[in-house]
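Have the sequence and the 3D view ready.

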Amino acid sequence: MSKSEVAKVPVLDTGAVVPCCPPITAGELSQADAERMAAMFKALADPVRLRLFSKVASCAGGEACVCDISDVGVSQPTVSHHLKKLREAGLLTSERRGTWVYYRVAPAVVAAMAAMLEPRTT
């Protein structure tokens, strides 16, 4: 996956989550599935990004203005850099409204990531 590609988490018309990759216990991952999975988890492996993702995910209304989530102990340009990395990984979506940018957790991304890690049922 190139640096500019965005991981997509498919959702069926019924709203059911379709994981981007098979569960890790289903068998050996293909190279492409491993790259998609790694990009999402790599984006969350940074403590600042994880905090930003958590702030957006836990905001009332399901979205957060960049002005409301910038207090994570780094400068505003660094916050913007980390938010960009989360968007590139397909974890967040954004919308500009006037001078502010609002972020949302990408639809069904948390459920899709959890489905990838679901244990094998016997």
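**Exercise 1.** Find the salt bridge partner of K55 and work out where the two residues sit.

Step 1. K55 pairs with D71, with 2.8 Å between the closest N and O atoms. A salt bridge here is a side-chain nitrogen of Lys or Arg within 4 Å of a carboxyl oxygen of Asp or Glu.

Step 2. The two partners are 16 residues apart and join distant parts of the chain: K55 belongs to helix α2 (residues 47–58), while D71 is in the loop between β1 (63–65) and α3 (76–88). Helices (H or I, at least four residues) and strands (E, at least two) are DSSP runs, numbered from the N terminus.

Step 3. K55 has a relative accessible area of 21%, so it is partly exposed (buried means under 20%, exposed over 50%, partly exposed in between; 1.4 Å probe, protein chains only).

A note on the model: it is predicted, so local features need pLDDT of at least 70 and side-chain atom pairs count only at pLDDT 80 or more, while totals for chains, interfaces and linings use all residues. Residues are numbered from 1 along each chain as its sequence is written, and side-chain values use heavy atoms, leaving out hydrogens and water.

**Exercise 2.** Describe the salt bridge between K84 and E88.

Step 1. Their closest N and O atoms are 3.8 Å apart.

Step 2. Both lie in helix α3, and because they are four residues apart, about one helical turn separates them.

**Exercise 3.** Which residues are linked in a network of salt bridges?

Step 1. Start with E95 and R97, whose closest N and O atoms are 3.4 Å apart.

Step 2. The network links E63, E95, R97 and R104.
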